[in-house]
Amino acid sequence: MKFEKLANSIININDKAGTTAKSAVNQLMTLRNWAIGYYIVEYEQAGSDRAEYGTHLLKNLENKIAQKGMNTTLFKHCRNFYLLYPQIGATVSNQFELPDFEKSSTASHQFETKPEILVSNLSFSHIREIMVIEDAFERFFYETECMKCNWSVRELRRQIKTNLFVRAGISKKPELLLTKSVDNATSNALTIKDPFTFEFLGLDAKDAVTESDLEQALMDHLQEFMLELGQGFCFEARQKRIIIDDKYYFIDLVFYNRLLHCNVIIELKNDEFKHEDLGQLNAYVGYYKKNEMLPGDNPPVGILLCTDKGSQMVEYALSGMDNQLFVSTYMLHLPDKRKLEEFMLKELKEMGM
């Protein structure tokens, strides 16, 4: 054996041991967090002195334990973890001196990640991101896709914020959408949802909803709308008046994105996509580029929101335009889960789960 090979062999075995050890520690910490949640919930339900500590229990725990990482935030996540994932109990019992938990289930076993698979493939940081989702089947969706696509925590967060679950649910070929999501994972460009989900507006899809109705509803629910848009959006104006060729024009909505350092102009259409609508949006973006940009700003972005679009017409309409324009759809109600359930069964079969 030559010296170079000796050195490389030692490096390889050290790296492999480090990776294995890190994985084992991560799994142990996940099980520990579930156990902490168990103890907290048990105390809250049957602690003999819980009335004395109940109001500020988690803060009192933090002060009493006084160890690095043992804080109120962690305790909240642990309690939520225990409540949302009871099926992990049997796995925890094998590791710690806890009662022998019966194997329990939050939903159909068909759409529930097996505890050993969950713990060995997802870090608690991943699980913590998924726990913000209330619906058990939606959590299962992100657990499965995260393991399949090997998402980082940051990428998982991005997929949740851009509502991949809903977009997959209404896609004719969700597998293509998921592949595209993986391909775009490293992109720093503005991510535009398709579709946007405006269920929070409380508008009935069967009603004759005008563009003014939609715009007003979005203003009434501005916080929810900005969360739907994504990170970094700051509201600037509604029905922003501009003058072109001595005529007044009114832009539906104007935002500024502090992360991208640019204005985002949104036009709402209560109809399917028409190429003339894109021409109007392009003119508004061009106006902003010439008259409203400040030093340090990037060129403005335009988003056209409509109820339906044809991919070829959008492609042709965007052809040759210099400005950064996007066409997306919106819907007032979430789709039926049945289609996604069928898709997830296929995913599980392919993954051998």
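Reader: Where does alanine 136 lie?

Author: Alanine 136 lies in helix α8, which covers residues 136–149. The model is predicted. In it, the C-alpha of alanine 136 is 8.5 Å from that of phenylalanine 111. Along the chain, these two residues are 25 residues apart.

Reader: Why does alanine 136 count as partly exposed?

Author: Its relative accessibility is 25%. Buried means under 20% and exposed means over 50%. The value for alanine 136 falls in between, so this residue is partly exposed.

Reader: What makes α8 largely enclosed by the rest of the structure?

Author: 12 of its 14 residues are buried, so the rest of the structure largely encloses α8. Among the buried ones are Phe137, Arg139, Tyr142, Glu145 and Cys149.

Reader: How do you know that the reach of α8 is close to the expected one?

Author: Its 14 residues span 20 Å from first C-alpha to last. At 1.5 Å a residue, 20 Å is expected.

Reader: What caps the N-terminal end of α8?

Author: Aspartate 135 does. One of its side-chain oxygens lies 3.2 Å from the backbone nitrogen of phenylalanine 137. Just after α8, asparagine 150 has a positive phi of about 55°.

Reader: Which residues have the most contacts inside the largest nonpolar core?

Author: They are Trp34, Phe81, Tyr85, Ile88, Ile127 and Tyr142, in a core of 38 residues. Elements giving two or more residues to this core include α1 (3–46), α4 (72–84) and α8. The most comes from α8, with seven residues. A second, separate core has 18 residues, including Ala237 and Tyr288.

Reader: What is isoleucine 127 in contact with, leaving aside its neighbours within four places in sequence?

Author: Isoleucine 127 touches Thr30, Phe81, Tyr85, Leu118 and Leu122.

Reader: Why does cysteine 78 count as buried?

Author: Its relative accessibility is 0%. The cut-off is under 20%, so cysteine 78 is buried. Cysteine 306, at 1%, is buried by the same cut-off.

Reader: Why does aspartate 246 count as exposed?

Author: Its relative accessibility is 78%. Exposed means over 50%, so aspartate 246 qualifies. Alanine 66, at 61%, also passes that cut-off. Aspartate 246 has a positive phi too, of about 65°. Its place is the loop between β2 (233–244) and β3 (247–257).

Reader: How do you know that β2 and β3 pair?

Author: Strands pair if there are at least two bridges between them. Here 10 bridges join β2 to β3, so the two strands pair. They run antiparallel. Phenylalanine 235 stands opposite phenylalanine 255 in β3. Two residues separate the strands of this hairpin, and aspartate 245 takes a positive phi near 55°.

Reader: In which sense do β3 and β4 pair?

Author: They pair in the antiparallel sense, over five bridges. Valine 254 has isoleucine 265 in β4 as its bridge partner. This hairpin has four residues between its strands, and histidine 261 in the turn has a positive phi of about 55°.

Conventions: Residues numbered from 1 in each chain as written. Predicted model: local features only at pLDDT ≥ 70, side-chain atom pairs only at ≥ 80, totals over all residues. Heavy atoms only, no water. Buried < 20%, exposed > 50% of the residue type's maximum accessible area, 1.4 Å probe, protein only. Core = buried A, V, L, I, M, F, W, Y, C linked by side-chain atoms within 4.5 Å. Contact = heavy atoms within 4.5 Å. Expected span 1.5 Å × (residues − 1). Polar contact = N/O pair within 3.5 Å; in protein donor to acceptor, adjacent residues only side chain to side chain.
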